Amino acid sequence: MGVIKFKIHTEFDRMRTGLVRTKHGNFRTPVFIPVATLASVRGLDNRDLKEMGAEVLLANTYHLHLRPGDEVIRELGGLHRFMGVDLPIVTDSGGFQAFSLGFGMEHGVGKIANNIFLEGLKDDFESKDFSEKWAFVNDRGVKFRNHITGEMIELTPKKSMQIQSNLRSDIIFAFDECTSPLSDREYTEIALERTHRWADECLESYDREQAIFGIVQGGEYRDLRERSARFMAERDFDGYGIGGSLGKSKKDMLNILEWVIPILPEEKPRHLLGIGAVEDLFNCIERGVDMFDCVAPTRWARRGHLYISPTEGGNPKNKFRIHIKNAKFRLDNSPIDRNCDCFVCQEYSRAYLRHLYVSNEITYFRLASYHNVYFLLKLIEEIRSSIENGTFYNLKKKWLGY
Ligand SMILES: [Zn+2]
């Protein structure tokens, strides 16, 4: 242990700010981590990301294993070298894909039943027929159908550790089985026991040059979540992920955090996997979450949804977004958000972005992605400051109205 160091700066109720030190630089917490699914944050390059203040990136183990192949990346010197990036990199375990390819895809649900949060894969899969089963889970690991070639491939705890070692990321996740909000208690418990055995297998075989986070599972069931949190807390992980099905509503998700977080060791960072809506950031940070990753800002950008702050009319109901295609923006000479100091908002109007969007211009994707990622990075920065100077609740009220 000790490849990364986490230092807490300020504690305020259950919230805290801190700093994570890695070999590839430091990042402050709470942090929003842009997702580079295929070793690229869609639509943006490293200069964009550095300029907008991204401090850490997350890449997907499953995707990179299939393409270009983790051994290719190892051969080329690891992910940092391959991507030409000198920021800390986190990789996920590949386990979430067992869920999104298998049960999740079959039932068309995401991490929260009412909110589709299928990360990374949905775009690839929109054209496919899901009547066929895409993933099989047993105690050894998960068998997937490779979505590119159609071949069956197997992912086990040991293999996930090997792939992440080849990728040479700074922070890795233990291999887990991610259940769906539609999984019953009986199945959730079986998956939980499996995840626990896998966690121990990962601790035996992971690359000691990397920091490893364990993942708390247990679905929406309080006793299972608490059992999982205790199991993980007893092991010497460098940090903890909270993963899997986060219940059937946002309220369920917040309950899960209230059960789990008090059990996890105070001095280790906590990462809520795959969540990143504006309202969630406030509510989850308030309950002690330090790290978030989500494809939402770039995915929403590509689909025409751009973030706006409360003074531009952003609120929990419209999810702090406008849809740029709306005809009312045709003659709108104002920027996306007058409070945003990103270069897109300094230089371009809503009318121009709307024109690029409806014309399907490639430039639109970069500008929209830039604004959306920048927006979340600045919001997190503002939240961090508010924790440090004791004004978090004022800021939250200003944004969420409660
Ligand atoms: Zn902007």
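Tutor: Donors are N, O and S atoms within 2.8 Å of the metal (3.2 Å for Na, K and Ca), and water is not among the atoms, so sites may look incomplete. The model is a predicted one, in which local features need pLDDT of at least 70 and side-chain atom pairs count only at pLDDT 80 or more, while totals for chains, interfaces and linings use all residues. Residues are numbered from 1 along each chain as its sequence is written, and side-chain values use heavy atoms, with hydrogens and water left out.

By that count, the zinc ion is coordinated by the SG atoms of C340, C342 and C345 together with ND1 of H371, at 2.2 to 2.3 Å. Along the chain these donors of the zinc ion have the spacing C-x1-C-x2-C-x25-H. The angles among the 4 donor atoms run from 97 to 118 degrees, and the site is tetrahedral (four donors count as such if all angles lie between 85 and 135 degrees).

The aromatic rings come next. A pair of aromatic rings is described by the distance of the centres and the angle of the planes. Rings of Phe, Tyr and Trp (its six-membered ring) pair if their centres lie within 6.5 Å, and planes under 30 degrees apart count as stacked, over 60 as edge-to-face and the rest as tilted. This rule gives 15 aromatic pairs. One of them joins F175 and W198, a tilted pair with 4.9 Å from centre to centre and 35 degrees between the planes. That pair links distant parts of the chain, 23 residues apart, with F175 in the loop between β10 (171–173) and α9 (185–205) and W198 in helix α9 itself; helices (H or I, at least four residues) and strands (E, at least two) are DSSP runs, numbered from the N terminus. F175 counts as buried because its relative accessibility is 1%, and W198 counts as buried because its relative accessibility is 1%. The pair of F375 and W399 is edge-to-face, because the ring centres are 5.9 Å apart and the planes stand at 65 degrees. It too links distant parts of the chain, from F375 in helix α16 (residues 362–388) to W399 in helix α17 (residues 392–400), 24 residues apart. F375 and W399 are both buried, and they belong to a cluster that ring pairs build from F12, F282, Y307, F320, F375, F392, Y393 and W399.

F320, in the loop between β15 (305–307) and β16 (321–323), has a positive phi of about 60 degrees although it is not a glycine, and it counts as buried because its relative accessible area is 1%. F282 is among the buried residues of α12, which also include D280, L281 and N283. Helix α12 is largely enclosed by the rest of the structure, because 8 of its 9 residues are buried, and it is followed by G288, with a positive phi near 105 degrees.

In the loop between α12 (278–286) and β14 (291–294) sits D290, which counts as buried because its relative accessible area is 0%. The side chain of D290 makes a polar contact of 2.8 Å with that of R16, a polar contact being a pair of N or O atoms within 3.5 Å of which, within protein, one must be able to donate a hydrogen and the other to accept it, while residues adjacent in sequence count only if both atoms are side-chain atoms. Beyond neighbours within four places in sequence, D290 is in contact (heavy atoms within 4.5 Å) with residues including T29, P30 and K268. The peptide bond from T29 to P30 is cis, with omega near -5 degrees, and P30 lies in the loop between β3 (25–29) and β4 (31–36).

As for confidence, the mean pLDDT (the predictor's confidence in each residue, from 0 to 100) is 91 for the chain, and 91% of the residues reach 70 or more. Over residues 113–131, however, the pLDDT is below 50, although this stretch has 59 contacts in the model beyond near neighbours in sequence.

Terms used: Buried means under 20% relative accessible area, exposed over 50%, partly exposed in between (1.4 Å probe, protein chains only). Four donors count as tetrahedral if all angles lie between 85 and 135 degrees; four count as square planar and six as octahedral if opposite donors are over 155 degrees apart and all others between 65 and 115; anything else is irregular.
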